Amino acid sequence: MSHVPASAGRSADPGRYVGSAQRRVDGEYKVTGAARYAAEYAVDGLLYGHVVSAAIAHGEIQQIDAAAAQAVPGVVRVFTHETRPQQPWFESRYQDQVGPPGIPFRPLKDRRVVYSGQPIALVVAESLEVAAYAASLLDVTYKSEPHRTDLFQEQDHAYVPPEKRSGIAPPPPERGDFSRALAEAPVKIEATYHVAAEHHHPMEPHASTVVWNDGKLTVYDKTQGVQMSQAYVSEIFGLPPEDVRVLSPFVGGAFGSGLRPQYQLFLAVMAALDLKRAVRVTLSRDQMFTFSYRPETIQKVTLGADREGRLQAVRHEAIAGTSTFEDHQEVVVNWSGLAYRCPNASFDYRLAKLNTYTPADMRAPGATLGVYALEAAMDELSYAAGIDPLELRLRNYAEQDENEGKPFSSKELRACYQQGAERFGWSKRSAAPRSMRDGRELVGWGMATGVWEAMMMKTSARVILSGDGRLEVATATSDIGTGTYTILAQIGADALGVPIEQVEVKIGDSSLPTSPLEGGSWTAASAGSAVQAACHRLREQLFRHARAMEGSPLANESLDRIEFTAGRLQVAADPGRGVALTEVMQTLGLEKLAAEETASPDKEAQEKYSGYTHSAIFAEVRVDEELGVMRVTRIVNAVAGGKILNPKTARSQIIGGMVFGHGMALEEQSEMDHRFGRFMNHNFAEYHIPVNADIHDLEVIFVEEHDDKISPIGVKGLGEIGVVGTAAAIANAIYHATGKRVRDLPITIDKLIA
């Protein structure tokens with residue numbers, strides 16, 4: 001199923017859905033189990049593949065003895081680098097849409113092992129249990145070679161990537177004279193910040209179910225872009241695109257892990273084509289640690305200011321880990337050039353090769369890392385200058401993007417500061433560290449600024465009105481849990497003036513109109529604008545037909561005087577003069593009326609303006625003075641994100657980001673044992689994430705903001721801004737509570753009491 005009728009949505013006021021709190025139209029499917037995910041489709045004759053992972057971090061496979069595994073009843077085939085079918089991709093450099101410079105990882109290519117956990121075999125059997133058991137019988141002999149997994153040891157070998165990653169801005173050039181300005185600044189700080197690697201861990205693990213039918217494939221994939229997966233399969237297996245259909249109507253979270261095709265997709269398609277059978281490959285939670293993670297980073301931030309706290313010099317340097325075969329790049333240091341006003345700034349961003357898989361974009365990639373370091377450094381500067389942290393930020397407020405020399409398309413950050421501080425009670429804060437307490441707990445208040453790009457991508461959508469007044473909305477985009485089904489239903493319902501219960505949304509199907517990946521917080525602006533454009537085209541058709549009807553009450557009217565509401569076209573100034581949509585369709589004998597449109601960003605506006613979503617985060621922590629146990633008891637996040645399509649799902653997005661930031665600040669860390677070059681806490685028992693007991697009061701404020709430049713529907717995006725700055729606000733609050741500055745995330749008890 002790749003469609004969701006909006007019958008689960010409810011509203012007493014049809015025609016005014018956009019901007020109102022609507023419950024998710026797909027919610028009923030998820031809570032009843034009707035929603036199907038990539039590994040849940042019933043397929044006749046299905047085979048199951050189990051991936052075998054490498055036990056060394058670097059070296060060669062000397063031998064794989066698969067005899068015992070192959071002898072297990074029910075085992076169909078054991079694929080290794082020696083037994084796999086030949087693929088042209090192994091000799092090419094084909095890259096997916098978001099692949100960084102380098103050579104993409106190609107599973108089972110040869111005997112070389114480049115990271116621990118690398119897939120080295122696929123056991124295919126008649127049942128999942130048999131495949132897993134047989135996989136345990138493989139006898140693999142390795143020849144190990146020295147590996148490099150310690151970023152601190154490799155930082156002296158860090159390099160500037162020779163080729164820029166597509167869509168990722170390099171560090172901006174130096175402006176002014178940083179060295180002179182720093183030397184003359186009476187107040188300065190210099191600090192190094194470390195953020196551990198974090199793995200994407202959506203509830204739904206990565207899986208692909210590939211159905212073979214006379215050489216044509218239907219693929220159910222865990223992905224954030226069905227047309228990307230379609231292009232990938234078509235290209236590397238030499239199949240016509242029309243012979244590959246990819247479906248992903250429901251995605252159980254992704255956080256960026258589905259932006260690239262992961263190796264289970266290749267293995268499942270390879271096996272299905274070779275065996276001419278349906279094959280499913282599902283990765284275990286342990287194997288979710290064998291790809292897709294936020295890179296470990298070491299950042300150094302240097303700030304110089306005058307005695308009033310006005311920035312005179314900013315330098316931001318970062319070193320991030322990447323794989324040995326690709327140069328993964330993120331926008332990490334650039335935020336320090338645009339978040340605050342400063343005439344002298346310098347930036348440096350380098351990579352270090354490690355024997356790991358290539359890092360991947362993870363919710364607000366680059367900004368989550370870079371803004372944390374900047375906002376922690378700004379907090380340190382506030383204490384050095386003796387200025388309130390909020391006041392310091394106001395004194396350095398940027399009225400334009402100084403990296404680009406452009407004005408912002410809109411910026412209501414001052415209002416975020418004001419409303420967030422007022423709701424939080426910031427004015428009651430005692431300035432000195434360790435000066436606030438409640439019983440045995442030290443109380444700390446910290447704050448930070450958040451910023452994330454506001455983007456729109458070219459997207460197409462189709463709408464179809466049926467004779468009974470039902471509206472179908474279709475585009476190939478995905479819904480990764482953000483509420484895309486719901487907002488597209490809202491937009492369609494408003495545009496045609498039909499009840500939301502009569503709107504059916506089709507997404508997550510590669511056969512639908514072209515849509516980019518769901519990522520970057522651009523989906524609402526992009527898919528929403530396309531749906532609106534298609535609906536407006538359909539409105540034009542309907543109006544022409546209605547006006548041409550014999551005796552039409554709209555015969556002498558123009559479209560700009562017409563409103564679509566309650567299933568009717570009517571004169572806005574004279575609602576009695578109108579006609580029902582169903583009457584128009586029946587009079588003309590039409591079963592369906594369709595329109596398709598493409599929405600593109602305004603290139604002129606993009607050239608003139610910089611578009612960003614902003615936020616102000618205020619956090620309260622309580623720290624047991626003797627035990628060092630930390631609790632985040634309150635967070636207030638004030639967000640300026642343009643037009644809010646659905647306050648209910650929008651709030652959910654920001655809360656999810658705040659919890660994400662909580663995990664980054666206090667819990668999440670992929671622990672590498674450098675002796676083995678392997679992530680050791682590869683399960684939910686030892687990879688800690690926030691649970692219900694960790695989360696207390698979270699409050700979201702949406703600051704009113706009008707933006708007519710970023711997208712036709714005025715949306716700036718909310719999926720990622722919630723996480724940006726949250727970890728910094730918590731870290732700053734911990735310093736205020738304890739007087740101890742921990743610059744190594746996550747902040748754990750051992751670091752605090754050391």
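A pocket is an open set of grid points with protein on both sides within 12 Å along at least five of seven lines. The exercises below concern a predicted model.

**Exercise 1.** State the volume of the second largest pocket and determine which elements give two or more residues to its lining.

*Solution.* Step 1: The volume of the second largest pocket is about 410 Å³. Step 2: Its lining consists of 18 residues, and those nearest the centre are Leu-666, Glu-667, His-688, Ile-747 and Thr-748. Step 3: Two or more residues each are given by strand E30 (630–640) and helix H16 (647–666). Step 4: E30 provides the largest share, 3 residues.

**Exercise 2.** Find how many cavities of 30 Å³ or more the whole structure holds, and describe the largest cavity.

*Solution.* Step 3: The largest cavity contains about 140 Å³ of space. Step 4: Its lining comprises 17 residues, with Ser-116, Gly-117, Phe-289, Thr-290 and Phe-679 nearest the centre.

**Exercise 3.** Identify the buried residues Leu-581, Val-584 and Met-585 in helix H14 and explain why they lie on the same side of H14.

*Solution.* Step 1: Helix H14 covers residues 581–588, and Leu-581, Val-584 and Met-585 are buried there. Step 2: These residues lie on the same side of H14 because they cover an arc of only 95° around the axis. Step 3: After H14 comes Gly-589, with a positive phi near 70°.

**Exercise 4.** Classify Phe-255 and Ser-292 as buried, partly exposed or exposed.

*Solution.* Step 1: Buried means under 20% relative accessible area and exposed means over 50%, with partly exposed in between. Step 2: Phe-255 has a relative accessibility of 28% and therefore counts as partly exposed. Step 3: Ser-292, at 1%, is therefore buried. Step 4: Neither residue is a glycine, yet phi is positive, at about 60° for Phe-255 and near 55° for Ser-292. Step 5: Phe-255 belongs to the loop between strand E12 (244–247) and helix H7 (263–275), and Ser-292 to the loop between strand E13 (279–282) and strand E14 (293–294).

**Exercise 5.** Locate the cis peptide bond that involves Pro-746 and describe the helix H18 region.

*Solution.* Step 1: The cis bond joins Leu-745 and Pro-746, with omega about 5°. Step 2: Pro-746 lies in the loop between strand E34 (744–745) and H18. Step 3: Helix H18 (residues 749–753) contains Ile-749, which is partly exposed at 34% relative accessible area. Step 4: Together with Leu-627, Val-629 and Ile-753, Ile-749 makes a nonpolar surface patch of about 330 Å².

Terms used. Residues numbered from 1 in each chain as written. Predicted model: local features only at pLDDT ≥ 70, side-chain atom pairs only at ≥ 80, totals over all residues. Heavy atoms only, no water. Buried < 20%, exposed > 50% of the residue type's maximum accessible area, 1.4 Å probe, protein only. Helix = DSSP H or I, 4+ residues; strand = E, 2+ residues; numbered from the N terminus. Arc of directions from axis to C-beta. Patch = residues over 30% accessible without salt bridge, like charges linked within 9 Å, V, L, I, M, F, W, Y side chains within 5 Å. Areas by Shrake-Rupley, 256 points an atom, 1.4 Å probe, with all protein chains shown as cover. Salt bridge = Lys/Arg side-chain N within 4 Å of Asp/Glu carboxyl O. 1 Å grid on protein atoms, 1.4 Å probe; cavity = no way out; pocket = protein on both sides within 12 Å on 5 of 7 lines; lining within 4 Å. Points joined across faces, edges and corners; volume = space filled by probe spheres on them.
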